[in-house]
Amino acid sequence: MNQKIFIKTFGCQMNEYDSNRIYDSVKKIGYEKTEKYEEANCYLLNTCHIRDKAKEKVYSEIGRVKKIFRSKKKPLVIIAGCVAQAENQEMLKREPYIDLVIGPQAYHKINDTIFNYIKKNKKIEETEFDAVSKFKYLSKIKNEAGKVSSFLTIQEGCDKFCNFCVVPYTRGPEYSRPLNQILDEAKYLADNGAREIVLLGQNVNAYDNEGYRLSDLILNIEKISEIKRVRYTTSHPKDMTQDLIEVYKTSKKLMPLVHLPVQSGSNKILNSMNRKHTIEEYLNTFDILKEINPKIEFSSDFIIGYPGEEDKDFKDTFNLIERVKFINSYSFIFSPRPGTVAENLDLIEKKICIERLEKIQNILFENQIRMNNSLKGKIIDVLVENLTYDKSKAFGRSEYMTSVIFNGKKNDIGKIVQVRIKDSNRNTLFGEVITNSDQKVA
Ligand code: SAM
Ligand code: SF4
Ligand code: F3S
């Protein structure tokens with residue numbers, strides 16, 4: 001087969017990782033990636049179900065594809081990801097243009113599913129949870145992402161069942177990949193150009209395989225000499241265990257940015273969300289980490305307007321932000337999700353939610369701008385990821401994941417260089433390269 005596949009990805013980093021791994025798999029049966037819709041004879045949409053309109057977004061995307069291919073041969077249309085898992089058979093019934101529906105724990109079956117469809121013209125839905133077989137299969141095919149900063153999924157699924165969230169239903173129960181399988185993948189990525197590994201999981205710090213924890217993984221991965229930086233996301237406050245905290249004392253390569261979603265600053269709301277942690281516990285982790293290394297900064301996710309959120313709860317969230325000074329965060333208005341406990345709770349008036357979101361975002365953005373401004377005139381370490389689109393400058397990231405644009409060259413890619421920051425805006429730092437240090441200074 002010599003076929004072209006167009007892959008479009010919505011959602012989180014895990015979906016991005018999955019899309020790359022799906023491509024690693026379908027390459028084996030002759031598919032080559034294309035960035036142009038109209039060239040494709042296979043169109044794969046990797047979907048996200050986290051907030052409202054997710055389903056409708058998928059159907060309107062299919063509408064677009066239909067239009068593009070109106071006067072051409074119809075491509076094979078595959079829906080993958082969390083909407084595929086949640087909607088399964090329904091998608092094939094509602095939209096005949098869709099040929100295959102495949103859930104996030106069934107990607108090891110994708111090549112067979114495609115073959116079956118081509119041979120027997122049989123529309124198939126594969127949505128069993130079988131993470132063990134999936135990762136066994138994926139570990140046999142190489143991860144060809146080869147990016148300076150590469151994602152590596154170590155854990156999938158969630159057993160926490162926060163009342164607002166679809167993930168336990170779309171990704172299934174928690175599963176942690178074996179340590180050696182992960183280390184082999186990390187080494188392969190390093191051999192192929194990765195200099196930063198971002199360990200991924202819906203609950204990455206709940207990682208537990210035969211007694212090995214996330215802390216063991218971090219310490220093992222940083223032994224790979226080509227790897228200069230290690231990050232992990234997304235973690236749950238309840239799983240910030242002592243061993244993981246200790247790693248911040250000993251690790252040479254773990255970056256000083258902790259993404260630790262809190263969702264709300266009010267214990268009442270955390271309790272009604274079934275978050276399983278309090279603000280006091282959260283702040284305790286914050287204080288301990290700051291004491292270990294004052295350079296450590298925090299980022300978070302917030303849900304605004306969760307049912308029952310009163311002015312005083314909202315103020316608690318506001319106060320928490322002032323206290324922690326998160327340097328980079330995501331905030332969303334609560335969106336009721338099908339099948340979750342919070343689906344039918346009484347919603348807070350839209351206008352109030354929008355006002356609160358605006359206030360929260362203003363203060364979060366102020367923190368971000370203040371942090372970036374504070375770096376003006378300073379020299380920071382930047383891991384160079386690529387050249388800018390017009391190739392006139394280089395693009396990299398600070399230890400805090402902030403984008404940095406500077407006068408780098410192609411041969412800086414994959415190295416850590418020192419950049420003097422001259423200017424900044426909310427999302428980006430601008431500077432001039434000082435010298436190549438190629439080592440971590442954190
Ligand atoms: N496991 C992570 C944790 O415990 O924080 C979160 C993973 S979830 C994929 C990413 C973020 O989406 C959450 O932190 C939450 O802020 C947001 N989110 C999830 N469900 C939501 C909902 N129903 N409405 C609004 N935001 C939601
Ligand atoms: Fe969703 Fe909660 Fe699980 Fe995070 S911990 S994935 S928010 S259910
Ligand atoms: Fe979305 Fe599924 Fe990720 S719902 S955020 S793609 S785990």
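This is a predicted model: local features need pLDDT of at least 70, side-chain atom pairs count only at pLDDT 80 or more; totals for chains, interfaces and linings use all residues.
## The surroundings of ligand 2

Around ligand 2 stand Cys-158, Lys-160, Phe-161, Cys-162, Phe-164, Cys-165, Val-167 and Pro-168, together with Asn-203, His-236 and Arg-275.

## The packing of helices α8 and α9

Two packed helices are described by the angle between their axes and by the distance between those axes. Helix α8, which covers residues 179-191, packs with helix α9, which covers residues 214-221, at an angle of about 30°, and their axes are 11 Å apart. Because angles under 35 degrees count as roughly parallel, α8 and α9 are described as roughly parallel to each other. The crossing in which α8 passes α9 is right-handed.

On the side of α8, the residues that take part in the contact are Leu-179, Ile-182, Leu-183 and Ala-186, and in α9 they meet Asp-216, Leu-217, Asn-220 and Ile-221. The residues of this contact divide into 6 nonpolar, 1 polar and 1 charged.

## Salt bridges

In the whole structure, a search finds 34 salt bridges. One salt bridge joins the side chains of Glu-156 and Lys-134, with a distance of 2.5 Å from N to O. This pair links distant parts of the chain, since Glu-156 lies in strand β8 (residues 155-156) while Lys-134 lies in helix α6 (residues 131-140), and the two are 22 residues apart.

Definitions and conventions: Residues are numbered from 1 along each chain as its sequence is written. Chains are lettered from A and ligands numbered from 1 in the order in which they are written. Side-chain values use heavy atoms; hydrogens and water are left out. A residue is near a molecule or strand if one of its heavy atoms lies within 4 Å of it. Axes are lines fitted to C-alpha atoms, for helices over the stretch in contact, and angles run from 0 to 180 degrees between N-to-C directions. Helices (H or I, at least four residues) and strands (E, at least two) are DSSP runs, numbered from the N terminus. Angles under 35 degrees count as roughly parallel, over 145 as roughly antiparallel, 65 to 115 as roughly perpendicular and the rest as oblique. A crossing is left-handed if the near helix is turned anticlockwise from the far one by less than a right angle, and right-handed if clockwise. Contact means heavy atoms within 4.5 Å. Ala, Val, Leu, Ile, Met, Phe, Trp, Tyr, Cys and Pro count as nonpolar, Asp, Glu, Lys and Arg as charged, and the others, Gly among them, as polar. A salt bridge is a side-chain nitrogen of Lys or Arg within 4 Å of a carboxyl oxygen of Asp or Glu.
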